Every structure is written in structure tokens, then in C-alpha cells.
Amino acid sequence: MGEAQVTGGPAKEQNRAIAVSTSEFHEFGCPCCGGIFGRSPISGGDTMLWECADFGTSALIVADGLSRSSIGVGGGANSEAYYPEVVDHPRRGQPVDREKLIADREAGIERGELTRLKSALDLGYGVETMPHIEAHHRSKSQELPIVSAQVEGSPVEVTWFAQNYHFYFMGVKLQNEVPATLLSPLAGILESDPALSGHVNTEVAPPIPNFQKSYHNNEPLTRFGIDCGGRGFLASTAIRYLAEISKVDAGQVLDLCLNKTRYGRMERIDGNAIEFEELLKALQLEYSEASYNANIIGFPEEVFESIAIDRFDTERGGSSVRIKLHDGFPLPVLAVPGEIYVKVEDTGLEPHIPKDSGERGSSQSKSKIITPEIPVSVLRYSDQFSRVAAQVQEGIPYPINAAYQRVWPSAREFTFNTPNVLDAALTAFYFAKVVGPLLRDSKRMAAEA
Ligand SMILES: [Zn+2]
């Protein structure tokens with residue numbers, strides 16, 4: 001390998017690109033390795049430049065009967081281009097087995113793809129899975145597998161799971177019906193309408209056409225398809241959320257929110273009316289205190305410092321969930337809908353906002369100017385932020401939230417505003433029982449790999 005170099009320069013004079021005849025190239029393959037996978041970026045006259053896909057080396061393939069390449073190589077500041085003479089193919093006597101090479105390559109792609117799908121499933125189920133190949137689809141001229149998976153004892157069956165280099169599509173079947181209302185933390189991936197692609201199967205996994213409507217009429221769901229975006233991580237979060245929420249008595253939760261409130265039957269879920277502690281108990285969420293606010297406990301403590309529900313968010317309306325992550329755990333990409341709020345000091349705006357009125361005069365009235373949290377979406381995307389975000393991502397085994405293109409990557413405190421107290425409780429549930437364990441497990445799995 002490495003005997004052929006097209007870009008010249010004095011140091012590489014010995015590594016002259018070799019030229020072989022077209023018929024020998026067909027018979028014996030790439031002059032460097034005998035492979036057949038590569039590309040020809042240039043072809044001119046009777047010669048084609050060939051670049052080996054496996055080793056990146058180059059060679060010149062010259063029409064039969066000619067003795068010299070018509071493409072010159074090696075021209076540079078200190079050297080003249082030269083036109084290599086056709087030589088005997090270095091792999092004479094070792095003809096290529098095209099069918100075997102193609103089969104091996106496809107098997108390699110299939111193995112790689114199965115590994116990728118399996119690791120998302122493993123992370124979602126929290127145990128090693130044994131995916132079953134259901135079908136194949138073609139994407140970017142590659143034959144990719146579509147898998148299903150089932151884990152004994154899990155109420156979630158993955159019926160269809162594949163990706164097409166743009167997005168992952170997952171079909172699920174639930175053992176117990178779950179009302180759409182209890183899936184609000186996944187709304188970000190349930191609302192989207194997956195583009196029709198070879199790996200989408202709307203019969204096995206029908207998309208939820210109008211999640212908002214299903215949410216409001218508590219439509220029970222057992223079988224549906226989810227567009228999980230460009231990385232398998234959102235599929236993992238969905239599997240684990242569905243498994244956790246399946247353990248909850250959904251009827252009891254909805255009763256508390258709509259039928260058995262302090263004021264009897266309600267049309268809409270109201271934070272004033274709901275028996276908040278009863279709701280937390282029904283969701284099996286542990287808490288240390290629950291009046292207007294609740295400090296949730298019982299989450300992986302290496303991941304979160306705190307998870308708190310603010311039942312009445314007087315600033316923003318509705319209810320909010322505040323999370324504090326530990327260093328080493330940036331916010332991952334999530335399906336939680338709505339706006340994310342961050343502290344001003346976690347943004348580039350900090351220098352423009354006075355922290356303390358005392359700095360500007362009377363030390364008597366040292367009333368703190370409240371530096372409010374601001375919605376991430378109002379911040380302009382800056383290249384500076386995205387570069388730091390790319391740095392922080394290194395070594396983090398899961399995709400980090402797009403918010404890091406707008407806030408400093410050191411940001412670990414985030415507030416999620418939700419329309420009502422049930423959605424807030426479910427969002428806290430999502431962080432405590434799904435996101436926390438996933439981040440912990442994905443670090444562990446990355447360390448083991
Ligand atoms: Zn090669």
C-alpha cells in the first residue's frame with residue numbers, strides 16, 4: 001500500500017503512481033489491494049484516475065493497447081508532471097472474485113448497521129437485546145436491515161426499527177394501552193410526520209396524525225410509529241419512557257387530573273384543582289417536599305443535582321420543571337416539546353445585563369435586579385457557540401441538545417415550561433426515570449466499549 005501518490009512534491013518522487021491496463025484492472029482489481037470499491041474523480045483521454053475506497057491510494061487505469069497514461073501526475077512547484085508507463089499489474093495471478101467482494105462488503109455494512117441499531121435498543125431496554133431482521137431497505141445505494149426486538153418482561157415491543165442516514169424510524173407495540181396525554185414528554189417526536197422512505201412502514205407502525213388532538217381526548221395508544229431524528233438516542237429515550245409509563249396506572253392519574261379534583265370534574269387539567277401529592281404518588285415519583293413546588297428525588301445522583309417542579313410558574317404561566325445536571329453531563333437531545341429557559345450567565349448576553357443595582361450607586365438599596373431566565377430560542381445562533389459545543393461533545397457518548405448552539409456548553413441548569421401541572425410532573429418523571437438512567441448507562445456502555 002502507499003506506492004501510488006498523485007499529489008507530487010520532491011519528497012514523494014519515489015512514490016510514483018502506477019498505471020495498469022484496463023483489462024488487467026478488471027481482472028485483478030485495485031493495484032494496491034485487489035479491491036473493487038473506489039471512485040474515479042478524473043478521467044480524460046484514454047486514462048482514468050482511480051482512488052481505492054479502502055486505502056485511499058491512487059492508480060491510473062489506461063485503455064488497452066496504450067503504453068502510457070494520458071493523465072499527468074506529480075506536477076508541483078519543484079517537479080514536473082510525468083505520465084506513468086503502463087506496468088504489469090502487481091497482483092497478476094490473483095483474479096478478483098467480484099461476487100464474494102460484494103457479498104463481504106454488504107455483510108460488513110449489515111453488521112455495522114446491526115451494531116448501531118442494537119446499541120440504541122440496548123440503551124433503550126437497559127439490557128442486551130437480540131434484534132431480529134425483519135426486512136431490508138436501500139439507502140444511499142446500500143442495503144440496510146430493518147429490525148425488531150422484544151425483551152422478556154418489557155411492556156414495549158419494538159416492531160420496526162431502521163435508519164436511512166437522515167432519520168430513524170421506530171414502530172412500537174405496547175402491552176397496555178397508554179393514553180396519549182401521558183406521552184407529552186415525547187411530543188417532540190410523536191408530532192412529526194415521517195417522510196415516506198423505504199424504511200418507514202405505516203402499516204406496522206402507523207404515525208399519530210394529530211398528536212395534539214389525541215393528547216386532549218386521552219386517546220389510548222398501543223401501536224404507533226415514531227420519527228426519532230438523526231440519532232438512535234431518541235429511540236432509546238422513547239423505549240425507556242414507554243416502558244416506565246406503562247408501569248403507571250394511567251386511569252388513576254387521569255382521574256386525579258380530570259375527575260377527582262378538589263373541585264370535582266374538570267374540563268381541563270388545572271394546577272389549582274389537582275391533589276398534587278396524590279399525582280406524584282400515582283406517578284410513583286419520589287419527592288422530598290411538595291407544596292407549590294416539589295423536589296423530586298430518587299434519580300441517578302451522578303447525573304442530576306436536582307429536579308424540581310414549579311407548579312405555578314408565575315413568570316411564564318403553566319408549570320415548569322427545573323433541572324440541574326452535574327458537570328460531565330450536558331443536556332442531551334430530547335423530545336420534550338416547548339421552550340427551554342436558561343440563566344443569562346449561561347449565554348453571551350451576560351456582560352450586557354447588570355447583576356446588582358448596588359454596582360450603580362446607593363449601597364442602601366442593594367435589592368438584586370432579578371436576572372431572569374431567558375428562552376433559548378431568542379438567542380441568535382453564533383458560530384462561536386457551535387464551535388465550543390462541538391468541543392464539549394467530544395467524549396460525550398450521546399448527542400447533546402441543540403440549545404448548546406446558543407448557550408455556553410458549561411450550562412447545566414435548564415427550565416422546561418409546560419402547559420399544565422400534569423405535563424410538568426410527567427416531564428420530571430421523564431428526567432428522573434428515563435433521561436437520568438440513560439445518561440448514566442450510555443456513559444457506562446461507552447466506557448465498556
Ligand atoms: Zn486498494
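Which residues have the most contacts inside the largest nonpolar core? The legends below answer this for a predicted model, in which local features need pLDDT of at least 70, side-chain atom pairs count only at pLDDT 80 or more, and totals for chains, interfaces and linings use all residues. Residues are numbered from 1 along each chain as its sequence is written.

**View 1. The largest nonpolar core has 96 residues.** Those with the most contacts inside it are Phe161, Met170, Cys228, Ala238, Leu279, Ala425 and Ala428. A nonpolar core is a set of buried Ala, Val, Leu, Ile, Met, Phe, Trp, Tyr and Cys residues joined through C-beta atoms within 7 Å. Buried means that 20 or more other C-beta atoms lie within 10 Å of a residue's own, with C-beta atoms placed from the backbone. Helix 9 (residues 421-448) gives the most to this core, 14 residues. Helices (H or I, at least four residues) and strands (E, at least two) are DSSP runs, numbered from the N terminus.

**View 2. A second, separate core has 17 residues.** Among them are Ala59, Leu60, Val62 and Val73.

**View 3. Strand 6 (residues 132-139) and strand 7 (residues 142-150) pair in the antiparallel sense.** Seven bridges link them; pairing requires that DSSP finds at least two. Histidine 132 stands opposite serine 148 in strand 7. Two residues lie between the strands of this hairpin, where lysine 140 takes a positive phi near 50 degrees.

**View 4. Strand 7 also runs antiparallel to strand 8 (residues 156-163).** Three bridges join them. Glutamine 150 stands opposite glutamate 157 in strand 8. This hairpin has five residues between its strands, and glycine 153 takes a positive phi near 90 degrees.

Terms used: Buried ≥ 20, exposed ≤ 12 C-beta atoms within 10 Å, placed from the backbone.
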